[in-house]
Amino acid sequence: MTVKVKLYGDYLKYGPEEVYVDLNEGATVEDLLNRFSIVERNYIIILVNLKRAWFDERLSDGDVVSVFSPVGGG
């Protein structure tokens, strides 16, 4: 299956801003993060098709995964 990955902010150091990635069927968000060697996960926000996702969520062909850190301020 193929998913589109968008990296933002601090996570751009792990790859390009947007890229298509081939994954095995049944792959999870955690598998995807491992693929990019993303180790900073304490404050990570992940959206799959614009909905909040967790590490154990299974991905599907055509999903769009956005990875970024929280933004604060006033």
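Trainee: Why is Glu30 called partly exposed?

Mentor: Glu30 has a relative accessible area of 35%. Buried means under 20%, exposed over 50%, and partly exposed in between, with a 1.4 Å probe and protein chains only. The value of 35% falls in between, so Glu30 is partly exposed. Note that this is a predicted model, where local features need pLDDT of at least 70 and side-chain atom pairs count only at pLDDT 80 or more, while totals for chains, interfaces and linings use all residues. Residues are numbered from 1 along each chain as its sequence is written, and side-chain values use heavy atoms, with hydrogens and water left out.

Trainee: What makes Glu30 and Arg41 a salt bridge?

Mentor: Their closest N and O atoms are 3.6 Å apart. A salt bridge needs a side-chain nitrogen of Lys or Arg within 4 Å of a carboxyl oxygen of Asp or Glu, so the pair qualifies. Glu30 lies in helix α1 and Arg41 in the loop between α1 and β3, so the pair ties together parts 11 residues apart in sequence. Helices (H or I, at least four residues) and strands (E, at least two) are DSSP runs, numbered from the N terminus.

Trainee: How many salt bridges does the structure hold?

Mentor: It holds 3. One of them joins the side chains of Lys13 and Glu40 at 2.8 Å, N to O. Lys13 is in the loop between β1 and β2 and Glu40 in the loop between α1 and β3, 27 residues apart. Lys13 counts as exposed at 57% relative accessibility, whereas Glu40, at 33%, counts as partly exposed.

Trainee: What makes the contact between the side chains of Lys4 and Glu18 a polar contact?

Mentor: The distance is 3.3 Å. A polar contact is a pair of N or O atoms within 3.5 Å; within protein, one must be able to donate a hydrogen and the other to accept it, and residues adjacent in sequence count only if both atoms are side-chain atoms. The 3.3 Å pair is inside that limit, so the name applies. The side chains of Glu18 and Lys4 also meet in a salt bridge (3.3 Å, N to O). Glu18 is in strand β2 (residues 18-22) and Lys4 in strand β1, 14 residues apart. Side chains of opposite charge can pair when their charged atoms come close.

Trainee: How do you know that Phe36 is buried?

Mentor: Its relative accessible area is 12%, so Phe36 is on the buried side of the cut-off. Phe36 lies in the loop between α1 (29-35) and β3 (45-48). Leaving aside neighbours within four places in sequence, Phe36 is in contact (heavy atoms within 4.5 Å) with Val5, Leu7, Tyr14, Val19 and Val21.

Trainee: Why are β3 and strand β5 said to pair?

Mentor: There are 4 bridges between β3 and β5 (residues 64-68), in the antiparallel sense. Two strands pair if DSSP finds at least two bridges between them, so 4 is enough. Within this pairing, Ile46 stands opposite Val67 in β5. β3 and strand β4 (residues 51-52) pair over 2 bridges, also antiparallel, with Val48 opposite Lys51. β3 and β4 form a hairpin with 2 residues between them, and Asn49 in the turn has a positive phi of about 55 degrees.

Trainee: What makes the pairing in the sheet mixed?

Mentor: β1 and β5 pair in the parallel sense over 4 bridges, while β3 and β5 are antiparallel. The open sheet has 5 strands in the order β2-β1-β5-β3-β4. β2 and β4 stand at the edges with a single partner strand each, so one side of each has no neighbour in the sheet.

Trainee: How do you know that the radius of gyration agrees with a compact globule?

Mentor: The radius is taken over C-alpha atoms, and the globule rule is 2.2 Å times the number of residues to the power 0.38. With 74 residues, the rule gives a value near 11 Å; the protein chain has 12 Å, which agrees. The C-alpha trace spans about 40 × 20 × 20 Å along its principal axes.
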